[in-house]
Amino acid sequence: MARTLKLRIWRGTDKDGGLQDVTVEANSGEVVLDIIHRVQATQMGDLAVRWNCKAGKCGSCSMEINGKPRLACMTQISAYPEDEVITITPLRAFPVIKDLVTDVSFNYKKALEVRAYEPPSDLAPGEARMQQVDVERSQEFRKCIECFLCQNTCHVIRDHEENKKSFAGPRFFIRLAELDMHPLDTLRNRKQSAQKEHGLGMCNITKCCTEVCPEHIRITDNAIIPMKERVVDVKYDPLRWLGSVIRKRDGIL
Amino acid sequence: MTNTIERHKYDIVVIGAGGAGLRAAVEAREAGLSVAIVCKSLFGKAHTVMAEGGAAASMGNVNEKDNWMVHFRDTMRGGKFLNHYRMAELHAKEAPDRIWELEVWGALFDRTKEGKISQRNFGGHEYPRLAHVGDRTGLELIRTMQQRIVALQQKDGRETGDPEKNIKVFAEVTITEILKENGKVAGAYGYRRENGAEVLFEAPAVVIATGGVGKTFKITSNSWEGTGDGHALALKAGANLVDMEFLQFHPTGMVWPLSVKGILVTESVRGEGGILTNTLGERFMFKYIPDVFKDKYADNEAEADRWYIDQDNNRRPPELLPRDEVARAINSEVKAGRGTEHGGVFLDVSKRLSAEVIKKRLPSMWHQFYELAGVDITKEPMEVGPTCHYVMGGVEVDPDSAAAVGVDGLFAAGEVAGGMHGSNRLGGNSLTDLLVFGRRAGKGAAEYVKSHGENPVSEASIAKAAAKIALPFVSQGGENAYSLHQELQEVTHNLVGIIRTGVELQEAIEKIAELRKRSANISVTGDRQFNPGFHLVFDLDNMLLVAESTAKSALLREESRGGHTRDDFPGMNSTWRQVNHIASFDGEKVNIKAQPLPALPKELFDLFDVHELEKYMTPEEIAKGGSN
Ligand SMILES: Cc1cc2nc3c(=O)[nH]c(=O)nc-3n(C[C@H](O)[C@H](O)[C@H](O)COP(=O)(O)OP(=O)(O)OC[C@H]3O[C@@H](n4cnc5c(N)ncnc54)[C@H](O)[C@@H]3O)c2cc1C
Ligand code: SF4
Ligand code: SF4
Ligand code: FES
């Protein structure tokens with residue numbers, strides 16, 4: 001049942017830090033977050049870690065476990081062989097605050113840059129009628145728990161700090177796709193703005209974001225690719241472009 | 001220290017970024033005021049995000065017989081008539097508008113065939129009433145509110161050039177004190193979790209929306225944030241807590257593996273047809289239908305099963321009784337030796353629904369069990385047992401304005417406010433409570449600020465608040481906050497839990513007092529840089545005050561009702577129904593006084609069948625037939 005676990009936990013601040021070896025007891029069924037909490041309660045009272053729900057619902061406990069971006073509360077210890085040393089490090093794409101806690105404010109800045117949902121001006125409360133099939137596409141993207149693992153893993157920003165300015169990242173591509181597919185959103189230029197303002201063009205569809213998403217949102221297939229395809233359509237098809245202008249002016253959805 | 005603190009000035013400070021806090025902030029901003037939202041976690045992570053089942057509102061989309069009066073009746077029944085009638089009334093009346101408003105702000109609820117918002121069944125609700133998005137309704141609610149705030153910021157940005165000028169989120173900041181001058185609220189003080197730096201908010205009105213207290217208990221569905229901060233802040237600021245003896249133990253928390261013990265298994269599992277059985281294979285809930293509910297719940301399997309197809313001609317399955325009943329039933333089964341080896345019972349939905357439907361309607365439950373317990377709920381039953389989930393008690397407020405009784409400029413909404421749910425909350429009623437009273441608190445605070453104006457904070461108050469934050473670093477070699485927290489959880493779990501007795505409560509009160517004494521001597525290791533040991537010192541102080549309020553109120557209430565069960569006083573008592581317990585703090589200890597519960601006015605009294613009221617009220621009350 002119980003086993004002795006060897007960990008290497010990154011400890012430090014924005015100034016300096018390094019891996020520290022820790023040995024700790026683990027019980028069967030425990031997840032990495034449990035182990036971190038045990039270390040905190042018994043050996044390192046000031047070990048910093050974020051968490052809330054402990055059930056994969058809030059997206060707070062994002063970190064890198066053996067180099068893989070993961071939720072610590074959903075990572076079973078049993079997934080690692082008895083003799084393996086588990087290395088726990090903070091998200092790499094964001095600046096460290098302390099230990100496993102990083103400064104993710106980049107994401108909140110990007111959220112502020114995505115133009116909000118704009119309902120029809122005459123939509124009275126309770127009057128909306130939408131079919132389940134029509135809301136489902138956007139609902140997939142609204143499952144996002146904002147763990148920012150996809151942001152952390154995307155090479156466009158992971159390895160290129162300078163791209164952060166012009167690249168919103170996969171989390172916000174699905175937000176744009178969600179609004180684009182939202183049956184009631186009246187802003188018709190979501191795809192174009194993804195391309196022009198949010199750096200969609202810099203994505204080269206490596207699908208790494210989809211692979212790490214704990215909500216199994218098909219970021220690339222269902223959001224990025226359809227937007228990219230249709231951006232091309234809209235860009236080069238003058239008739240479609242004219243159509244969208246007319247529809248927008250007429251206020252028809 | 002005081003010269004280096006970060007200072008901000010706002011019209012209103014909202015403490016808490018859950019559903020209640022965000023809704024209050026939106027309302028206050030829309031009323032033209034400047035608002036700071038302060039929260040302990042990142043923006044969008046508050047407890048509300050974990051709510052699964054749905055938000056109760058009598059929109060009547062699935063069964064058109066539903067309306068606010070039916071909802072009001074269900075809420076009062078669920079709370080065993082200890083609810084503040086006016087809160088239950090406002091809630092039932094305004095909940096549909098609050099849900100529809102979310103839709104106007106971009107929320108995408110699951111739909112009915114006609115394209116309206118779909119509604120699902122839940123314990124204690126007569127008709128399908130819970131608007132939902134699969135089993136991640138709380139996420140939808142919080143994301144919608146979060147995005148609404150972003151929309152307001154973008155508007156401010158377009159108009160003033162600075163999106164955060166009039167509404168700003170201060171994430172990962174803990175408020176440790178509500179500041180007062182001249183007897184009125186003047187602001188709030190706290191520290192940044194990141195580096196321990198101190199922050200002062202000057203504001204003539206503060207809305208407390210800090211959520212629950214679950215972390216006071218050993219087994220809980222709450223996250224680390226649920227440490228009763230707002231309850232304690234309010235007490236210390238001179239406000240009262242009402243009904244603190246009433247805690248909801250949700251009947252179905254995970255019991256295995258140990259590390260996830262307490263994590264919630266949504267009631268929707270039962271709403272969608274899940275049944276409870278003991279190790280003998282017995283569907284035991286039929287044995288536990290209390291007299292007051294006999295005419296609404298099926299007493300045999302055939303009828304209970306038929307209800308899923310024909311709700312008009314059959315009574316509901318007893319698995320859908322209010323939570324307190326189901327939690328006690330499970331507790332009794334386990335005590336009688338009919339529980340699983342991990343101290344739970346079985347909850348099975350695999351026999352009623354196909355794997356595909358389960359994964360579609362209960363996706364996060366499937367995920368949760370598969371990933372955390374290695375159980376495939378489409379094939380096998382889950383093991384479940386009670387977990388501390390929700391506190392009905394909370395800040396005593398004026399129902400219409402959400403103003404805290406006794407402190408000018410203080411408002412409270414959401415789980416931290418008391419009264420609305422009486423002795424037991426119905427599932428789904430919290431999410432709409434957050435919206436209805438969050439909005440009212442925002443409005444109440446805005447009106448207050450407009451009529452009262454500024455109330456500057458004095459340097460003396462700041463120095464006092466700052467000294468408290470510095471204290472844990474001063475003493476060396478003292479108590480460890482983690483161990484004290486564990487000891488407190490043992491005390492509450494063993495002595496103030498689901499089933500209580502006078503002797504044990506007395507013991508609990510003494511032990512809590514002792515822990516409080518020891519907590520004055522806590523010292524922390526490390527420095528102020530994101531230091532959880534340091535953070536826990538303040539949380540612990542709050543939990544101790546909450547535990548004391550709960551134990552003391554529980555000792556005085558000599559009956560069993562809703563989320564308060566006394567082994568030595570097993571029955572419900574109509575005289576006790578007329579009593580609220582009001583907790584206040586004198587700086588050293590919590591004191592409890594009995595206060596008469598506001599009586600149902602005639603027009604609400606008349607919504608009930610008098611024979612039903614006879615089960616709850618005294619003959620004199622019945623004879624009076626309402627208060628006016
Ligand atoms: C697992 C689970 C499932 C649930 N499912 C449902 C459901 O289906 N339907 C339903 O109606 N209800 C449900 N509930 C109950 C409901 O979710 C909560 O009651 C509700 O979300 C509380 O919301 P709130 O806005 O009052 O506070 P919370 O969402 O708890 O937010 C509290 C906020 O206050 C902040 N805060 C606290 N203390 C401080 C401090 N000292 N300084 C600064 N900030 C502070 C926190 O950081 C947080 O932002 C569920 C609860 C749980 C735990
Ligand atoms: S698919 Fe695009 S967004 Fe996703 S990780 Fe690759 S480059 Fe980044
Ligand atoms: S899309 Fe997935 S990986 Fe990215 S933030 Fe959302 S939940 Fe996390
Ligand atoms: S703690 Fe919420 S996702 Fe891990």
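Guide: A residue is called buried when its relative accessible area is under 20%, exposed when that value is over 50%, and partly exposed in between. The model is a predicted one, and within it buried residues make up 57% of the 253 residues in chain A. Chain A holds 10 helices and 7 strands, and its C-alpha atoms fill a box of roughly 65 × 40 × 30 Å along the principal axes. If one takes the contacts in chain A between residues at least 6 apart in sequence, 64% of them join residues at least 24 apart.

Confidence comes next. The mean pLDDT of chain A is 90, with 91% of its residues reaching 70 or more. Among the elements of this chain, strand β3 (residues 62-65) has the highest mean pLDDT, 98, whereas helix α10 (residues 238-250) has the lowest, 44. Over residues 240-253 of chain A the pLDDT stays under 50, and for this stretch the model has 7 contacts beyond four places in sequence.

The ligand shells can be described residue by residue. Ligand 2 is surrounded by 13 residues, of which the closest are Cys154(A), Cys203(A), Thr206(A), Lys207(A) and Cys209(A). Three helices of chain A, namely α5 (155-158), α8 (208-212) and α9 (219-236), each supply at least two residues of the shell around ligand 2. Sorted by class, the shell around ligand 2 has 8 nonpolar, 4 polar and 1 charged residues. Around ligand 3 one finds Cys144(A), Ile145(A), Glu146(A), Cys147(A), Phe148(A), Cys150(A), Ile174(A), Cys213(A), Pro214(A) and Ile219(A), a shell of 9 nonpolar, no polar and 1 charged residues.

Lys207(A) sits in the loop between α7 (190-196) and α8 of chain A, and its relative accessibility is 33%, so it counts as partly exposed. Asp99(A) likewise has a positive phi without being glycine, near 50°, and it belongs to the loop between β6 (96-98) and β7 (101-102) of chain A. Because its relative accessibility is 2%, Asp99(A) counts as buried.

The partner chain can be approached through the nonpolar packing. In soluble globular proteins, nonpolar side chains tend to be buried together. The largest nonpolar core has 227 residues, and those touching the most other members are Leu7(A), Ile12(B), Phe201(B) and Leu410(B). Apart from that core lies another, of 35 residues, including Tyr189(B), Ala465(B), Leu505(B) and Ala551(B). Once neighbours within four places in sequence are set aside, the contacts of Phe201(B) include His8(B), Tyr10(B), Val38(B), Phe170(B) and Ile175(B).

Helix α1 (residues 19-30) of chain B has 12 residues and reaches 17 Å from first to last C-alpha, close to the 16 Å expected. Of the 12 residues of α1(B), 11 are buried, so this helix is largely enclosed by the rest of the structure; among the buried ones are Leu22(B), Arg23(B), Val26(B) and Glu27(B). Just after α1(B), Gly32(B) has a positive phi of about 95°. Gly337(B), which follows α8(B), has a positive phi near 85°.

Arg23(B) returns as a contact of Leu435(B), which also touches Arg98(B), Ile99(B), Leu102(B), Leu141(B) and Met145(B), residues up to four places away not being counted. Leu435(B) lies in helix α11 (residues 429-452) of chain B, and at 0% relative accessibility it counts as buried. Finally, a cis peptide bond with omega of about -5° joins Trp256(B) and Pro257(B), and Pro257(B) is placed in the loop between β13 and α6 of chain B.

Methods:
Residues numbered from 1 in each chain as written. Chains lettered and ligands numbered in written order. Predicted model: local features only at pLDDT ≥ 70, side-chain atom pairs only at ≥ 80, totals over all residues. Heavy atoms only, no water. Helix = DSSP H or I, 4+ residues; strand = E, 2+ residues; numbered from the N terminus. Expected span 1.5 Å × (residues − 1). Buried < 20%, exposed > 50% of the residue type's maximum accessible area, 1.4 Å probe, protein only. Core = buried A, V, L, I, M, F, W, Y, C linked by side-chain atoms within 4.5 Å. Contact = heavy atoms within 4.5 Å. pLDDT = per-residue confidence, 0-100. Near = heavy atom within 4 Å. Nonpolar A, V, L, I, M, F, W, Y, C, P; charged D, E, K, R; others polar.
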